[in-house]
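Student: I have a structure open and would like to learn how to read its features one by one. Could we go through it together?
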Amino acid sequence: MRLRVAGCSGGSVKDRFLSCFLLNDIVALDAGGLTAPLTLEEQLRIRHVIVTHTHLDHNCGLPFLLDNVFGKLDEPIVVYATAPVVRSLETHMFNDELWPDFAKLPSEAKPTLRFETIEAETPFRISELTFTPIAVDHLIPTVGMLVEDASGAILYTSDTGPTERIWQVASTHPRLRCVITEISFASDDDALARASGHMTPRILASELRKLTGKVPVLVTHTKPGHLLRIERELGAMGLDGVELIEQGRTYEF
Ligand SMILES: [Zn+2]
Ligand SMILES: [Zn+2]
């Protein structure tokens with residue numbers, strides 16, 4: 001599978017885009033940087049959007065994508081999320097107040113947006129990709145995602161603090177090519193990271209002890225004010241196989 005890093009920043013600043021990973025051009029895994037780094041043609045190719053949780057940095061591109069593709073699609077954009085996330089997006093985002101309810105526009109019979117409710121541990125398929133949501137430990141209901149195709153699998157943890165289940169899945173999957181996980185803060189902000197359900201380099205190092213077997217680990221979601229310190233720390237710690245994911249790069253797995 002092809003994974004393009006549209007955005008991998010844990011905060012929004014010039015030239016750094018929020019969490020959004022494009023799979024085979026048609027699926028967006030999280031929807032932070034869903035529009036700002038992409039041309040209109042690239043946006044029109046996206047037909048499926050998976051939202052891992054309701055924090056804005058993971059879905060704020062969605063309203064603007066729907067606005068851009070409005071009237072140009074034969075089929076609605078399908079947004080996959082767990083029930084509490086769907087409810088929250090319906091209530092707080094597409095409520096005809098913060099933004100139009102694209103699930104009814106241009107008409108209820110032919111909408112621009114359709115929600116598909118997903119559940120942890122229940123796989124679903126989009127074209128040749130199979131997705132399995134896995135609950136992680138963040139402040140609010142959040143799922144990471146196992147993504148598999150015929151050639152292998154990758155695992156995206158989304159935002160999480162110390163957690164268990166997703167490391168079990170990572171440790172037992174026979175064809176896992178890569179884990180994409182988060183470091184938000186530098187290690188001297190340990191208390192803040194733990195209080196907000198995020199990780200530091202030191203917390204990740206401890207989490208990686210749960211990962212049996214060797215698989216490359218790509219780090220996403222660094223907060224802009226912490227990026228340099230995180231980079232320095234990771235360099236000094238010399239964690240084998242762990243590196244920062246690169247915004248704009250396309251990875252082949
Ligand atoms: Zn979050
Ligand atoms: Zn986030």
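Student: How are the donors of the zinc ion (ligand 2) spaced along the chain?

Tutor: A donor is an N, O or S atom within 2.8 Å of the metal (3.2 Å for Na, K and Ca); water is not among the atoms, so sites may look incomplete. For the zinc ion (ligand 2), the spacing along the chain is D-H-x100-D-x61-H. This is a predicted model, in which local features need pLDDT of at least 70 and side-chain atom pairs count only at pLDDT 80 or more, while totals for chains, interfaces and linings use all residues. Residues are numbered from 1 along each chain as its sequence is written, chains are lettered from A and ligands numbered from 1 in the order in which they are written, and side-chain values use heavy atoms, with hydrogens and water left out.

Student: Which residues coordinate the zinc ion (ligand 2)?

Tutor: Asp57 (OD), His58 (NE2), Asp159 (OD) and His221 (NE2) do, at 2.1 to 2.2 Å.

Student: Why is the arrangement around the zinc ion (ligand 2) called irregular?

Tutor: Four donors count as tetrahedral if all angles lie between 85 and 135 degrees; four count as square planar and six as octahedral if opposite donors are over 155 degrees apart and all others between 65 and 115; anything else is irregular. Here the four donor atoms subtend angles of 88 to 171 degrees, so the arrangement is irregular. Helices (H or I, at least four residues) and strands (E, at least two) are DSSP runs, numbered from the N terminus.

Student: Are histidine 58 and histidine 221 buried or exposed?

Tutor: Buried means under 20% relative accessible area, exposed over 50%, and partly exposed in between (1.4 Å probe, protein chains only). Histidine 58 has a relative accessible area of 0%, so histidine 58 is buried. Histidine 221, at 1%, also counts as buried.

Student: What are the protein donors of the zinc ion (ligand 1)?

Tutor: They are His53 (NE2), His55 (ND1), His138 (NE2) and Asp159 (OD), lying 2.1 to 2.3 Å from the ion. The angles among these four donor atoms run from 91 to 163 degrees, and the site is irregular. The spacing of these donors along the chain is H-x1-H-x82-H-x20-D. Histidine 55, in the loop between β4 (48-50) and α2 (62-69), and histidine 138, in the loop between β8 (129-135) and β9 (143-149), are 83 residues apart and link distant parts of the chain. Histidine 55 is partly exposed at 27%, whereas histidine 138 is buried at 11%.

Student: Which residue bridges the zinc ion (ligand 2) and the zinc ion (ligand 1)?

Tutor: Aspartate 159 bridges the two ions, which lie 3.5 Å apart.

Student: How many salt bridges does a search of the whole structure find?

Tutor: A salt bridge is a side-chain nitrogen of Lys or Arg within 4 Å of a carboxyl oxygen of Asp or Glu. The search finds 12. One of them joins arginine 165 and glutamate 121 (2.9 Å, N to O). Arginine 165 is in helix α4 (residues 165-172) and glutamate 121 is in the loop between β6 (113-118) and β7 (124-126), 44 residues apart. Arginine 165 is partly exposed at 36%, and glutamate 121 is partly exposed at 39%.

Student: What salt bridge do glutamate 164 and lysine 210 make?

Tutor: Their side chains meet at 3.0 Å, N to O. Glutamate 164 is in the loop between β10 (152-156) and α4, while lysine 210 is in the loop between α6 (201-207) and β12. Glutamate 164 is partly exposed, with a relative accessible area of 49%, and lysine 210 is partly exposed at 27%.

Student: How many aromatic pairs does the structure hold?

Tutor: A pair of aromatic rings is described by the distance of the centres and the angle of the planes. Rings of Phe, Tyr and Trp (its six-membered ring) pair if their centres lie within 6.5 Å; planes under 30 degrees apart count as stacked, over 60 as edge-to-face and the rest as tilted. The structure holds seven such pairs. In one of them, phenylalanine 64 and tryptophan 99 have ring centres 5.3 Å apart and planes at 75 degrees, so the pair is edge-to-face.
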